[in-house]
Amino acid sequence: MGTLRFAHPTYWITPIAMLIHDQSRPGRRATAQAPLHSLAATDIPEGLRRRVPPKLPEVSEMQAVRHYTRLSQKNFSIDTHFYPLGSCTMKYNPRACHSLASLPGFLTRHPLAPDSHGQGVLACLHELQEMLKEITGMHAVSLAPSAGAQGEFAGVAMIRAYHQARGDHARTEILVPDAAHGTNPASAAMCGFKVREIPTGADGDVDLAALNAAVGPQTAGIMLTNPSTVGVFDRNIQAIARTVHAAGGLLYYDGANLNAILGKVRPGDMGFDVIHMNLHKTFSTPHGGGGPGAGPVGVSQRLEPYLPVPLVAFDGDDYRWLAEDERPDSIGRLTAFGGNMGILLRAYVYARMLGREGMGRVADFATLNANYLMARLKSAGFEAAYPERRASHEFIVTLKRESKELGVNAMDFAKRLLDYGYHAPTTYFPLLVPECLLIEPTETETKEELDGFIEALIAIRREAVEDPEKLKGAPYTLPVRRLDDVRAARLLDLAWKPGSNEVQDGQQ
Amino acid sequence: MPFVPHTADDIAAMLATIGVDAIDDLFDEIPPALRIGELASIPAGMAEMDIARLMQARARADGQPVCFIGAGAYDHHIPAAVWQIAARGEFYSAYTPYQAEASQGTLQVLYEFQSMMTALTGLDVSNASLYDGASALAEAVLMAVRANRKTKSTKVLVPRALHPAYRRTVRGIVEAQGIELVEASFDPTRGQTTVEQLEASVGGDEFAAVIVNQPNFFGVLEDVDALTNWAHARHALVIAVVNPIALALLSPPGDWGGAGADIACGEAQPLGMPLSSGGPYAGFLCCKQEFVRQLPGRIAGRTLDLDGKPGFALTLQAREQHIRRGKATSNICTNQGLLVTAATIHLAILGAEGLERVAATCHANTRKLADLLCEIPGVEPLFDRPVFHEQTLRLPAPTADLLRSLAAHNVLGGFDLSPDYPELGQALLICATELRTEEEMRGYADKLARIVATRTQAKCPVEPKF
């Protein structure tokens, strides 16, 4: 049975939410870390100068090191906890990817250094570009987008550019399934499109009749995730592609769930015209507490001219960047210097370590782990949202029965899981399944870890029967108990100001 | 099997629990026609020692030339502690703090980052970062147009003295939303944007906002008070684009003019982020309190828990895509959390005085380098106004040729302004950060002097031998 692990062995020695600013004392400094001599910038006109120094903390180097080390210990992370956050692919981030991307020649290279002083990094990026083409079955790839959402923006912008270049100005609508990630409709809106929702059928696949009714001469394209966010592979994908293409629209593939199909099936073969990949998911670059990501885009032949810049070109001897001047039809540049190169290097190292045989194993074991978890949870009496379907790399459990009968909801289960030493699955997404947990174990977890997680969920349900109030008060063993989100939004406290602690806490 | 822990016994037991014979059976809902065989052109997997050998060779191939390029990314010292702490697994391998109670470390870092950025910019609130400086500016432009209720205009004035890559990025991101970017020229002798030029670019039309960058792309300090007051008199918002290091010396956007800039953004790379060929960096975005609900991206707030104990959570999520979907302030999902962690540690270690020393040393080094280079016949400053830590020079030969010759001798001499600003002729933008030594600067000047002399004598481009 599940045991209540003490999730945080060190939190109690950390003073309550003490900011680095609270440790500041006038005149204290980390002197070794700045130039030793202070110079006066006397030629800067008086009127342009800063009159009062910024209120930054004044601490010693050791104080800073201790403070941030302690803060790190208040986090759950892949390195410390099972982290089955659905749709986020929280798999192990190999340490070699970090250390090899951090070699001095890569780290110190200026983005505007000439290509002659970048043949090493450009070779890696070009090979990554080529591997991503092969893996996704697309005609061409740009590594420029900095994250999945930026890849989505770039993808939809290319769809827009394509229709505009053909003089087809009537296509003002993007179709998005109701299960889609929130970034999909938001990206479509940023590109100036209207968003039309398509319902998901009872079996988890897109409702084909609704799709047929929705497509028309106003359809610019459809944004799909496959396997979808409900954790199943849409069996009608070829019919969807035919329908949308026949109406003159294009298909956009949200690569959030690419981990499920790596080396098994390719978006290009499914009929997609444009895709983005989340390298921080499928290619195991760090999530970093919320970024940096990397969201390369791949396209079919007809969208190739519109790819965001820069691209890496190779003429057989030398690698070089292609920018706006050589790519006149490009949708342009998404960041000043063309992307998260250090993250792309990590993905490259990971891809080379996996190799061709490793790619398929990723999908194999991500899928095995998800189906094993689903099978065991079903037999333990939990309700799968789509029990007749295979899980892809993730699946949904709905707690609507527990919510109705016991009065405890998905949030309560999630918070109690933290006490058991497991990060919670994604909750309340996708929106169409009530009281849902979207569970994605990834391929890097052991059977023992999955078994422990199952036991914890069973134990929590037992607690829900015996003492539902206990769940509502969870978590108990973390640095803080459940936080007041309403207060956070109403009494906005978004930055420390001198004296702000007295007002806020009433403790000092 | 790399990174897959399953033993044969595990696999057998798991398949039995699921009730299938083989892993491949789990893919039986995929139409068979779509299944692929081997990914033939992907190379076979490599052991860590083999990929290490390959990467070391490639990193060596890139060399470590002496860098005098700035132009939006700067070679600063990064305290050893910054990345040793930021790369701890608890920061490195955590995700967006959706479960606040299990993410207090990341959330408090975001709150402290926001506190530091508001202190530096002199504005009320900050978000928890965007992708980079240029994309942060694009978001600032969208935000300003949404936030300015005094006009329906979607026009935004963009100085030509703004980084060319920023101008291109902004155009690419905002144009689909019907925003009209109007370019305002600069004074050709001072290298400054003036009120007269802004007036000339917009005429009598209403406009929503003006971008003011301090320093501007040429390194020149703008008269930010005059530009801010002029914009506010025209009921437009002011978007400041600033270098966070420069803010140790220069008047913060919150103090500009009578009322202060409304929004400030920029590139956080100088705060502890390696150059790394262009990323990952982080953009910052701050604003006055009244615009907080128009601010895009993650924001951390301080609140209380069930026991009344202070803690941190993501807040104002009703602005964001995962709640508002198509009506969100932006499609942005992740921020640049790991880079923000580095920036926060970096600022905590440097403090205001350390930051000022860095800024003042960069300023002094660039002036020293400019003086050395200007001893070479035909090299002279292009503008006569004070600068922060970059200087624009006129050269006696085509900039690209001289830079190529310098690069052959392992010196990256600066940024060639000629393609983006043909009106400036043979122009070069130089930068010497606190990391550049006297010897490196003299070495640069000596090499350039010889290259120029050889060209002048030969009257044709010949590579000098030394």
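Two strands count as paired if DSSP finds at least two bridges between them. Helices (H or I, at least four residues) and strands (E, at least two) are DSSP runs, numbered from the N terminus. The model is predicted: local features need pLDDT of at least 70, side-chain atom pairs count only at pLDDT 80 or more, and totals for chains, interfaces and linings use all residues. Residues are numbered from 1 along each chain as its sequence is written, and chains are lettered from A and ligands numbered from 1 in the order in which they are written.

View 1. Strand β9(B) (residues 300-304) and strand β10(B) (residues 310-314) run antiparallel and are joined by 5 bridges. Within this pair, B:Ala300 stands opposite B:Leu314. A residue is called buried if 20 or more other C-beta atoms lie within 10 Å of its own, exposed if 12 or fewer, and partly exposed in between, with C-beta atoms placed from the backbone. By this count 5 of the 5 residues of β9(B) are buried, so the strand is largely enclosed by the rest of the structure. Both faces are covered: B:Ala300, B:Arg302 and B:Leu304 are buried on one side, and B:Gly301 and B:Thr303 on the other.

**View 2. Helix α13 of chain B.** Helix α13(B) (residues 438-458) has 21 residues and reaches 30 Å from its first C-alpha to its last. This is close to the 30 Å expected at 1.5 Å a residue, where the expected span is 1.5 Å times one less than the number of residues. Its buried residues are B:Met441, B:Tyr444, B:Lys447, B:Leu448, B:Ile451, B:Val452 and B:Arg455. Seen down the axis of α13(B), the buried residues fall within an arc of 130°, so they line one face of the helix; the arc is that of the directions from the helix axis to the C-beta atoms. An α-helix has 3.6 residues a turn, so residues three or four places apart point the same way. On the other side of α13(B), B:Glu438, B:Glu439, B:Gln457 and B:Ala458 are exposed. The cover over the buried residues includes β1 (66-67), α11, α12 (399-408) and β13 (411-412) of chain B.

View 3. Chain B is divided into domain 1 (66-74 + 352-458) and domain 2 (80-345), with bounds from an automatic or database domain assignment. Their C-alpha centres lie 29 Å apart. Two residues are in contact if their C-beta atoms, placed from the backbone, lie within 7 Å; 22 residues of domain 1 of chain B are in contact with 23 residues of domain 2 of chain B. On the domain 1 side, the elements that give two or more residues are α11 (337-373) and β12 (390-394) of chain B. The largest share of that side, 6 residues, comes from α11(B). The residues of the domain 1 side divide into 13 nonpolar, 4 polar and 5 charged. Here Ala, Val, Leu, Ile, Met, Phe, Trp, Tyr, Cys and Pro count as nonpolar, Asp, Glu, Lys and Arg as charged, and the others, Gly among them, as polar.

**View 4. The side of chain B that touches chain A.** Between the chains, 160 residues of chain B are in contact with 175 residues of chain A. Helix α11(B) gives the largest share of the chain B side, 19 residues. The chain B side divides into 83 nonpolar, 50 polar and 27 charged residues.

**View 5. A sheet of chain A.** Four strands of chain A form an open sheet in the order β10-β11-β13-β12, with antiparallel pairing. Strands β10 (383-384) and β12 (426-427) of chain A stand at the edges, each with a single partner strand, so one side of each is left without a neighbour in the sheet. Strand β10(A) is joined by 2 bridges to β11(A) (residues 395-398), and the two run antiparallel. A:Ala384 has A:Val397 in β11(A) as its bridge partner.

**View 6. The surroundings of A:Thr442.** A:Thr442 is found in the loop between β13 (436-439) and α14 (447-466) of chain A. This residue counts as buried, with 27 C-beta neighbours inside 10 Å. Leaving aside neighbours within four places in sequence, A:Thr442 is in contact with A:Thr89, A:Met90, A:Lys91, A:Ala366 and A:Asn369. A:Leu368 is 74 residues from A:Thr442 in sequence and 9.1 Å from A:Thr442 in space, C-alpha to C-alpha.
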